[in-house]
Amino acid sequence: MIYYWTLQLNYMSFKHLFIPLVFLVLFSCKHEKEVFLHKIEGQRIVIDHSLTEDPNIEGFIKPFRDHINNDLDSVIAYSVGDYSPKTLEYETAIGNFLADITHELSNPIYKQRTGKDIDLVILNHGGIRAGIPKGNITARTAYQIMPFENSVVIVDLKGEQIKELIQYLSKAKRANPFSRLGLKLDKDNNVIEALLNGKPIDYNKTYSVASIDYLYNGGSGMVFLKKGDNFHALDYKLRNVIIDYFKKTDTINLSTDNRFIKMQN
Amino acid sequence: MKRRSFIQQTATAASLITLGGLSVSSLSSINSTKITILHTNDVHSHIDPIGPNDPRNANKGGIARRAKLIEAFRKENPNTLLLDAGDIFQGTPYFNYYGGELEFKLMSMLKYDAATIGNHDFDNGIGGLYAQLPHANFDFISANYDFSNTVMNTHVKPYKIFEKGGIKIGVFGVGIKLKGLVEKRLYKETVYLDPIEIAQDMSSVLKHEEHCDLVICLSHLGYHYKNAAEKASDLNLAKATKDIDLIIGGHTHTFLPKPTIAQNINGDNVLVNQVGCYGLYLGKIDFYLDSDKTKSANGTTIIV
């Protein structure tokens, strides 16, 4: 239809002189009529409340949104306190909780697949994006704590790499969460004591360490993880670990337990 | 292209009989066309507007509003293309719940013409992207990802040519290096090819073999990397190529208040644009073309 219109326009306003006419007749099979770019205008438009919504689009989204909200806002547990990741200490209740439940829920799957146990868990403080507020807990809480698609991975680390891991934790000056490990630092952040499951670490042994894919791939500078062997992706998102734990637990009551302390003198 | 030639021939033949009585003065208005390019990038599953408590972008965005705006621009100029520069997926529970189905369905309702593939579009694996393709009524274009040994084979084109108002617009796509950014188990056998070399090749094909009037690069390389200046980016791509009129970028979530005017290898101007992320903004570039060369005698005027 558009082409027809073009034809009509051309037809009506044509004014050909002889030479261009011959040119066109001879070459129009091969050559496009040339067009020239003479002006470009660029701008960006903000999408805000000054624009009205397309009711069809809004109507299409609504049932999906309602389903998600209904699901995310259903109460799945109750928290007795406010557990924020914000701290000046090296340990947070929510960090310990996340590392501990990662062990608790991942270990049975890992053991079933490999016959081995997870010896320790290491996560990163920066990955905890929100706390658990006092009161009702919903799946949305888990999305706020962990908006990323990080999944649990397990890798075998030799004693040398376990040393690097402990060194990393001691120097990071952050409340990086871990489970089954106990660390005591002096006032200059030197390691005084490092225990695994309450016992001294045997650096001649190999340990199965659980973390998340982001850190395994060098995120937050935890480069020691990639040096490990027998990489195993559990295909279990950390957020789902959290949701699954909330679902099977009525009341969340967390505390720190001095697993990571720095001496003040 | 053949169709246009046909029209010109027919028009010429018709003009033979009517030659006598027509005025000369109307020539310049015969082929005056405006092409509008609308674009988004890194929408990251942001279907609803940002919440009211967000410190920076409270109440901005929302696809239902974007739809209305796009509709208005299309009404104003039917010769409009709507493009997305990748990272359609990931960022809200909509993706976690529906795997991208909703994003593709909505983009189809908004009549997107094409999108390129961002690193996060692999987040449910290449199989997860493939599974959502039936919901997309638009093309995926990427010239530097070789999908031959993946399920995406034949489902992604290196480029696509659109004809709007008699103007041929060639759009090709380039994507970022996946190794180190996306896990191998997600992108599987997708092969990353040098985007700059591919862009040099694509722009030549589109300009000289396909005779496109406008060449657009849809990129998910990122605008520019301060700490890795040599890394493939939109600004580096602009510098190393020719015959590209517009680079629409993504990945770095760069909020350009207005398009950047860069210079290509020949010193000609190339527009580079990116509109941040999350559907907070819509980019709009209007190209004015004319068969009358005198209008561009002093070069192309760029108003940004």
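Me: What do β7(B) and β8(B) form, and which residue in the turn has a positive phi?
Reply: The two strands form a hairpin with 2 residues between them, and in the turn G165(B) has a positive phi of about 55°. The model is predicted: local features need pLDDT of at least 70 and side-chain atom pairs pLDDT 80 or more, while totals for chains, interfaces and linings use all residues. Residues are numbered from 1 along each chain as its sequence is written, chains are lettered from A and ligands numbered from 1 in the order written, and side-chain values use heavy atoms, without hydrogens and water.

Me: How do you know that β7(B) and β8(B) pair?
Reply: Pairing requires at least two DSSP bridges between two strands. Here 6 bridges join β7(B) (residues 159–164) to β8(B) (residues 167–174), and the strands run antiparallel. Y159(B), for one, has F172(B) as its bridge partner in β8(B). Strands are DSSP runs of E of at least two residues, and helices are runs of H or I of at least four, numbered from the N terminus.

Me: Which order do the strands of the 8-stranded open sheet follow?
Reply: The order is β6(B)-β4(B)-β3(B)-β2(B)-β1(B)-β14(B)-β1(A)-β15(B), and the pairing is mixed. β6(B) (156–157) and β15(B) (301–303) stand at the edges: each has a single partner strand, so one side of each lacks a neighbour in the sheet.

Me: Across which strands does α2(B) lie, and at what angle to β14(B)?
Reply: α2(B) lies across β1(A) (36–46) together with β1(B), β2(B) (80–84) and β14(B) (281–290), running at about 10° to β14(B). Such angles run from 0 to 180 degrees between N-to-C directions, with axes as lines fitted to C-alpha atoms, for helices over the stretch in contact.

Me: Why is the meeting of R65(A) and D48(B) called a salt bridge?
Reply: The term needs a side-chain nitrogen of Lys or Arg within 4 Å of a carboxyl oxygen of Asp or Glu. The N to O distance between R65(A) and D48(B) is 2.6 Å, and the pair therefore qualifies. The pair crosses between chains, from R65(A) in helix α3 (residues 55–72) of chain A to D48(B) in the loop between β1 (32–40) and α2 (63–76) of chain B.

Me: What makes R65(A) buried?
Reply: Buried means under 20% relative accessible area, exposed means over 50%, and partly exposed lies in between (1.4 Å probe, protein chains only). R65(A) has 17%, so R65(A) counts as buried.

Me: Which parts of chain A does the salt bridge between K237(A) and E149(A) tie together?
Reply: The closest N and O atoms of K237(A) and E149(A) are 2.7 Å apart. K237(A) lies in strand β11 (residues 229–237) and E149(A) in the loop between α5 (139–145) and β5 (151–158), so the bridge ties together parts 88 residues apart in sequence. K237(A) is partly exposed at 23%, whereas E149(A) is buried at 16%.

Me: How do you know that R185(B) and D235(A) form a salt bridge?
Reply: Their N to O distance is 3.1 Å, so the pair meets the cut-off. R185(B) belongs to helix α6 (residues 184–187) of chain B and D235(A) to strand β11 of chain A, so the pair joins two chains. R185(B), at 33%, is partly exposed, and D235(A), at 58%, is exposed.

Me: What makes the link between E183(B) and R185(B) a polar contact?
Reply: A polar contact is a pair of N or O atoms within 3.5 Å; within protein one must be able to donate a hydrogen and the other to accept it, and residues adjacent in sequence count only through two side-chain atoms. The side chains of E183(B) and R185(B) are joined at 3.1 Å. E183(B) lies in the loop between β8 and α6 of chain B and is buried at 16%.

Me: Which residues does Y98(B) touch, leaving aside those up to four places away in sequence?
Reply: Y98(B) touches F64(A), H67(A), I68(A) and Q132(B), where contact means heavy atoms within 4.5 Å. Y98(B) sits in helix α3 (residues 93–98) of chain B and is buried at 19%.

Me: Why is α4(B) described as largely enclosed?
Reply: Of the 9 residues of α4(B) (residues 101–109), 7 are buried, so the helix is largely enclosed by the rest of the structure. Among them are F104(B), L106(B) and M107(B).
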